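Good morning, and thank you for coming. I would like to take you through one model today, beginning with a cavity and then turning to an interface.

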Amino acid sequence: VILLHRLASIVRWLLRRKTSEQELDSELQTFIDLSAADKIREGIAPEEAHRLARLELRGVEQTKERVRTYRHGALLDALGRDLRYAFRTLVKNPGLTIVIVLTLALGIGANTAIFSLIDALMLRWLPVRDPQELVLVKFGALERRALGETLSYPIVRALADQTEIFGGVGGFSAATFNVGPPGSITKVPGAMVTGGFYETCGVTPSIGRMLTRDDDKENAPAVAVISDGYWEREFSRNPSALGESLLINGVPVTVVGVSAPGFVGANVGQVADITIALAALPQINPKSAGLLGPGNFWIRALARLKPGVSIPAAKARLASVWPGISEQVISPRWPADRRKAMAQYVFDFSPGGTGWTFLREIYRKPLVILMTVVAAVLLLACANVASLLLARASARQAETAVRLAIGASRGRIVRQLMLESLLLSLSGSIFAIGLAWLSSRFLVNLIPFGSSPILLDLTPNWHILGFTIAIAVATGLLFGVAPAFQACAAGTSTILKESARIASPRSRVLPSLVSIQITISLVLLIGAILFVRTLQNLQNLDPGFNRSGVLLVSFQDGSIFRSELLEDVLHVPGVVAASISTDTPLSGSTWSEPAMPLGQPLPQNDNAIFMGTGPRYFETMQTALVAGRGFDESDTAKSRTVAVINEAYARRYFPDQNPIGQYLSTTARVGSGEPGKPRILEIVGVAKNTNTHGLRRDPYPVVHVPYAQLKGDFPVTFEIRVSGSLVSASAAIRAVLQQRLPSLPVEVRPLSAQVEATMVQERMLATLASGFAVLALILACIGLYGLLAYSVDQRTKEMGVRMALGALPNSVIAMVLWGAVRLVLIGIGIGLPVAWTASHWIQSMLFGLAPTDPRVTAGAVLLLVAAAMIAAYVPARRASHVDPVVALRHD
Amino acid sequence: MEKLDIPQGTLELMILTILSREPMHGYGISQKLAALSHDLFQVNPGSLFPTLYRLEQDGKLKAEWRASDNNRNAKYYKLTASGKKQLEQHRQRWDRISFAITNVLEGA
């Protein structure tokens, strides 16, 4: 309360400083008047009475000053004076000020930029009611350390019925909808949600209504809620959008509402422009109706616990009701032991107010690494600025001494210097915020994923502003300590002597600050080179196919495929080969089945990746065949079922045998046969291994079967090898296919982009880490240059004497360079162990090299020494040009 | 007559006590203090005003400008609720201190 009063009084004082001065004046005047009046009444002459009254006050001004010091304004007043003084000092030396502010802007800006990415990806609340109350439902076997986050549609619905535990449960999953009439179909990012989703989140419509439980019933009319952005782009914010029909997969879906601005679903980074109830899935995509069954776990759920129910209580109650519920929501087709195991699964909750995104899993560690890197850059910038300020402080020793001599307290001088530091760091942070905002867009572009763009809200908010100001203040205090300390340590008497500047022993602080900078930049350089080499190793890795010059076109529904389509594509100029397959390597989705040599029992779990491929698939992908043949036109739905296995499969299941002509049995739906009975495949070829899952993983055993022999629904991807420009070929291919398939959106993408997408983490780390390392190196070189230039300047006289005594310019250069080399060597000596220790922390992110790779270390050291020598040569040359006559007259 | 120094920390208590009877201006307080102490205490305005300002800032006193008895515009101070509580506490503490001192002196 007292604090509030004080605060209020400071504000009052600021608002009416004038009036309060006047008030004090007239109050004291009243005192004098009243006192004098009493004295006159006692018979003292008026003039004498007034004099006596004044005396009583013992000096009007002194009393006023004492009152002022009691008022908290006084402190502010003094601060204001100091601030003005600090400001004038900084303006007086614009060059130094600009260098310092820019250095800080880069250091703080790097931190703000990375932090704003972390904030957008991990910390930002969803724009919903009381987001801190939302929890994400987790589910899985108790023995497993990490529970899963995906649930089946029946489970989410069953949870929503537990009104004794939950205030609401809403399931959601990102989706992409094909919207529009045939011929002009666009892909629109969206979401499918359960009926309780909007109610649970507490999101309100800006017009119309949100989806409710009634919309999420079997055979309810298909309706959609659109985002504010989609309403703006497609309907120009016209309220008549309500009741309009969107054609999704050719099925009309009525728009019933527009969600409040800002809310774009619970998938962070993936904007949901159109949101539809899950129950409408069979209407818009009959083939996917099975996804609503009890066997598919793909929906995440946000929940709000019932008021008064704690998380442990909710878990306990769920544990007691789950066995009962599980009977209805577990697929009856599953084997009994699996059903029994699932009946013993447990639920848990994690904070859900920040939504969910797969990006968090991918980028958590890279972002933590980058945050450490930028913190190191900032530390380096602090050392840099501190050394600049120290150099200036010695130039200001005379000023400090005068201030001390005329009675300024040391505290006052320290306050003054700290204020200057804070002023510098806060001005730096203003530029930093701008810098971070500009660069954060570039940062988001570094994290593309597949074909859907990542849209993150990066507008500066209070988190980011608070973070920036906090680190700016911390920075200011950090780099301000050294000069302030030095100013205090100096005594008044010595400094006022003219020669003191030369006589004073040279500070150890300045060189050690430079060595710190060398240390940090060496550590960052080694880290950056490790990441760059990792990326290069991955890029140079042979994945078993040639990714350049191949275009891909994918369709979810393989039944659209006719061989004429492939004929049309082959006629496009520049196309040299084309084939089809169920999926492509590194696409992120794979199909797996049990498959064993004939005669061996089939395992319970899938042991092979399956891929349906068309004729000339291996030629098109340029995957070498080790033995036998690939598929051709003779492999049809009616011919005998055949397979091409890869080396990994051959090595594991046919060791020391020729697999050609051997047979496989599999549950895969290939060829004709009795349902439920394994099919027999004859192996006709062995292909080289390809990386199907990721470049870092060893190749899996793969079984290729002819696409034409597949039974059932499979997706289809065209692989088209092109000679010449990919851009013009992809436009032509798109035009040809779109004409043939008017009701589907045709997207042509390069295979190389799909491969690159598996390296986004590595690319981001390599790009940013090397950017920051270069920044660090430049700052460290500036620091080194500054120190040498300063010391050469200070030692002009000494240089002059040396030259006069016959020292050669080269030996002077060598002397200065040797000083630099010593600092650099100290920095490297400390930096190497630090770098080696730190690099073990990133070992899991490296590929194809050890964290202490000697070539990497040597490269970093060489680079650093070269840069340092360049920085040192300029002042060294200047030292060798000192004219002895001029130098001896110096001072 | 020889004047006494006002013991440390008691000026605030005396100001609050005087103001608890009626609102008063600075000069009035100094006069009242002198009168009540039979002229043994003479408060120095250089201590009085800073104390008044501090009490006002801490919300123990409220001030308003109005005409004094002889038609001068004067700043009148008056106790706030929080000031009354403060007085109560100070008063109790003071009573215990003086009780204790008296006991010590008479017991010795």
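**A cavity and an interface**

Let me begin with the second largest cavity, whose lining consists of A:Pro585, A:Met611, A:Tyr617, A:Phe618, A:Thr623, A:Asn646, A:Ala687, A:Lys688, A:Thr690, A:Thr692, A:Val702 and A:His704. Please keep in mind throughout that this is a predicted model.

Which elements of chain A each supply at least two residues of that lining? They are helix 21, residues 617–621, and strand 20, residues 702–706. Sorted by class, the lining has six nonpolar residues, five polar residues and one charged residue. The volume of this second largest cavity is about 80 Å³. As for the structure as a whole, nine cavities of 30 Å³ or more are found in it.

I now turn to chain B. Four helices and three strands are assigned in chain B. Read from the N terminus, the order of its elements is α-β-α-α-β-β-α. Along the principal axes, the C-alpha atoms of chain B fill a box of roughly 55 × 35 × 20 Å.

How do the two chains meet? On the chain A side, 24 residues are in contact with 24 residues of chain B. Together the two chains bury about 2,400 Å², and 58% of that area lies on carbon and sulfur atoms.

Let us consider the specific contacts. How many salt bridges are counted between chain A and chain B? The count is one. The partners are A:Glu27 and B:Lys75, whose side chains meet at 3.8 Å, N to O.

Helix 2 of chain A provides the largest share, with twelve residues. By class, the side of chain A that touches chain B comprises seven nonpolar, seven polar and ten charged residues.

One is the second largest cavity, with A:Lys688 and A:His704 among its lining residues. The other is the salt bridge between A:Glu27 and B:Lys75. Thank you for your attention.

Notes:
Residues numbered from 1 in each chain as written. Chains lettered and ligands numbered in written order. Predicted model: local features only at pLDDT ≥ 70, side-chain atom pairs only at ≥ 80, totals over all residues. Heavy atoms only, no water. Contact = heavy atoms within 4.5 Å. Buried area = accessible area lost by both parts, 1.4 Å probe. Salt bridge = Lys/Arg side-chain N within 4 Å of Asp/Glu carboxyl O. Nonpolar A, V, L, I, M, F, W, Y, C, P; charged D, E, K, R; others polar. 1 Å grid on protein atoms, 1.4 Å probe; cavity = no way out; pocket = protein on both sides within 12 Å on 5 of 7 lines; lining within 4 Å. Points joined across faces, edges and corners; volume = space filled by probe spheres on them.
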